[in-house]
Amino acid sequence: MTFNTEEKHPTRLKRYTQLTSASLKRKSSTEGSLAPPSKQTKLWETQRVSQASVDKVVLKFVGFIDLVQHLRPNTNVMTRNTVVNKVTKASIEMRRKLKAALSEIEFIATTTDCWTAHRRSFIGVTAHWFNPQTLQRSCVALAWKQLKGSHTFSALAGALNDIHTEFNIREIVRTTTDNGSNFLKAFRIYGQTDENNNPEPVGESDGEEDDGGQNDDDDEEESVEGVEFVDAGALLDEDDYLEYQLPKHHRCACHLLNLVSTVDALKAEVNPLYKRVSRTTFAKCSSLWNKSSRSTTASEVIKDHCKLQFLRPVATRWNSLFSAVERIVRITREQGEGALAAVCSELDTPKFTPVELAFLAEYAKTMSPVAKALDVLQGETSVQMGWLVPTITLLRTKLQQLNIMLTDPELIAAAILVPKFKTCWTSDENILKLGLDYIRSHLDCQAENHISEGSQSCEEEDFFSSLKKTSPLETTQQLDAYLGCPIDRAEVLKSFPAVCQLSLKLNTALPASAACERLFTVAGLIFRPKRAHTGSKNLEPAAFVYNFFF
C-alpha cells in the first residue's frame with residue numbers, strides 16, 4: 001500500500017525539503033570556508049596518513065606546499081602573488097589605522113637610522129608615545145624605505161620629511177639618531193634650533209652674485225621711483241635651508257657611551273706602559289677570537305677545557321668588546337688559568353701572562369658600569385628620557401667623567417618628572433635648580449596658554465573665565481605636592497594634571513636609538529640573501545606588517 005505524501009502532507013514535505021537543503025548548504029559552506037565545524041574533525045578521521053609517510057615527507061621537505069598538500073591533499077596553498085596582495089592590503093589597512101591613532105596623540109617621538117644589505121640601503125623610522133590614560137608606552141614601525149643615491153644630509157632630511165608628511169605627524173618632541181655626521185648635519189641645518197643642535201650659520205652668501213656694477217643705473221632709478229625690483233629667478237634658486245622641517249634632535253646616548261668605551265679609551269695609550277700591555281693583551285685575545293670563530297676543531301678544544309665558548313667582538317654591536325673580555329675573565333675565574341693556558345697551547349696561540357690576565361680583569365671591572373648603563377638605556381617599554389641624566393650621573397660618579405648632557409635643563413627636568421627619581425638621584429643643588437626652574441617656567445606657560453584658549457568666548461564668559469582657569473600658583477603647588485609625595489609609581493602623575501602633561505612631553509622621547517636597530521634586526525629576517533632580488537615595493541609592506549606595534 002502506498003501513500004501520496006504530496007496530497008496528504010504537503011506542508012510536512014515542504015518543511016522536510018527546506019531542512020535538508022539548509023543542511024546541505026551548511027555542510028558545503030563549512031567545507032569551503034576557514035571556520036571550524038561545530039564538532040572538531042580529527043585529521044585521522046578524514047584521511048589516513050601513516051606516520052612513516054609523514055616522516056618521509058618531512059625528511060625530504062623542500063617546500064611548504066609539498067608538506068601541506070601531503071597532509072591535506074584538498075587544501076589550497078596561497079600563491080606568491082596572493083601572499084603579496086594580502087600583505088599589501090594588510091599594510092595599507094594598518095597604515096590607515098596608524099594614521100588615525102597618531103592623529104589623536106599629542107606628544108610623539110621618533111628614532112631613525114640607516115641600514116645596508118645586499119648592496120641596497122634603507123632608512124628606518126619608529127614612533128613612540130605614551131597612552132595618556134594608562135601612561136604605558138607604545139611603539140610602532142613607521143617606515144622601512146629604500147634610499148637611492150648618496151646618503152647626504154639633504155637626502156636624509158628629505159626622506160624623514162616625506163615620512164612625517166605621509167603619516168601627518170606635525171609635532172614631534174624629539175628624534176633620536178646615532179652620531180653619524182650626515183644625520184648631525186641634517187638636524188643642524190633643517191632641525192629646530194636649540195642648545196643641543198649647535199646650529200652653524202649657513203647660507204649667508206648663498207644666491208648672492210657679483211654683477212660687476214652693471215646694474216648701478218637700475219639701482220639709481222629704483223631709488224628715485226621708490227620701487228624695488230627683485231630678480232625672482234635668483235630668489236627661487238637661493239637655498240635658504242627651509243625646504244625641510246625636522247624636529248628637535250637627540251644624539252643616541254648609547255652610541256656616545258659606546259664611543260667613550262672604545263674610541264675615547266684609546267686616548268689612555270698616551271701612557272707607554274699602558275699602551276704596551278693593552279696592545280699585547282688584545283692581540284692575544286684577537287688571536288683566540290679568530291681561531292674560535294673559524295675552526296670547528298678550535299671550538300671543540302675550547303668547549304672541552306673552558307666549558308664555555310669565547311665571544312667575538314662585533315664593531316657595530318654595543319658592549320660586544322666588553323662581553324668578549326668578560327667571558328675570558330669568567331672562564332679564568334671559574335675554570336682557572338690553567339684551562340686558558342691549555343687552550344692557547346693546543347691552538348698554538350701566545351699564552352697570557354699574569355699581568356695581562358690582571359689587565360683583562362681590571363678592564364672588565366672598569367667598563368662594567370658603562371656596559372650596565374648601556375643595557376639600561378637601550379630599553380624601550382619602561383625607559384623614558386628622564387632615565388638619561390640619572391644614569392649618566394651615577395656613571396660619572398663611578399667613572400669620574402663629565403658629560404655635556406648633565407647640564408641640559410630639559411633633560412634634568414625630565415628626570416625630576418619621573419616619579420622613580422624626582423630629586424633623589426643627585427645631591428648637586430645647582431643641577432636640581434636648573435631642572436626645577438625649567439619645570440616652573442614651563443608650568444607657568446602651560447597655565448597661561450590654558451587661559452588664552454578660552455579667549456574667543458563671549459564677553460560674559462571672558463569676564464568670569466579667571467574663576468575657572470588654572471593659575472600659575474596652582475601649578476606651582478602641584479609641583480611642590482608632587483615632589484613631596486612619597487609614592488614613586490608612574491600612576492601618581494595622574495594626581496597632578498599639569499605636572500603629568502609636562503612629564504609626558506619631556507619623557508616621550510627615547511634616550512637611545514636602539515629601537516630602530518631592532519627594526520633592522522627584524523627586517524634582516526625578511527630581507528634574506530634568497531630574497532635579495534625582491535623589489536622594495538614588496539619589502540616595505542612585509543616589514544611594516546611584521547613590525548607593526550613590535
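Student: How many bridges must DSSP find before two strands are said to pair?

Tutor: Two strands pair if DSSP finds at least two bridges between them, and strands themselves are DSSP runs (E, at least two residues), just as helices are runs of H or I with at least four, all numbered from the N terminus. The model here is predicted, so local features need pLDDT of at least 70 and side-chain atom pairs count only at pLDDT 80 or more, while totals for chains, interfaces and linings use all residues. Residues are numbered from 1 along each chain as its sequence is written, and side-chain values use heavy atoms, with hydrogens and water left out.

Student: Which residue stands opposite Ser 121 in β2?

Tutor: That is Thr 116; strand β1 (residues 108-117) pairs with β2 in the antiparallel sense over nine bridges, and the hairpin that they form has two residues between the strands, with His 118 in the turn at a positive phi of about 55°. On β2's pairing with strand β3 (residues 137-147), there are 10 bridges, again antiparallel, with Phe 130 opposite Arg 137, and this hairpin has six residues between its strands, Leu 135 taking a positive phi near 60°.

Student: Why is β2 described as largely enclosed by the rest of the structure?

Tutor: Buried means under 20% relative accessible area, exposed over 50% and partly exposed in between, using a 1.4 Å probe and protein chains only. Because 11 of the 11 residues of β2 (residues 120-130) are buried, the strand is largely enclosed; Phe 122 and His 128 are among those that point one way, Ile 123 and Trp 129 among those that point the other way, and all are buried.

Student: What describes two packed helices?

Tutor: They are described by the angle between their axes and the distance between the axes. Axes are lines fitted to C-alpha atoms, for helices over the stretch in contact, with angles from 0 to 180 degrees between N-to-C directions. Helices α12 (residues 272-294) and α14 (residues 320-335) have axes that come within 12 Å and cross at roughly 90°, which means that α12 is roughly perpendicular to α14 (65 to 115 degrees; under 35 is roughly parallel, over 145 roughly antiparallel, the rest oblique). Phe 282, Cys 285 and Trp 289 in α12 meet residues of α14 including Leu 321 and Ile 328, where contact means heavy atoms within 4.5 Å.
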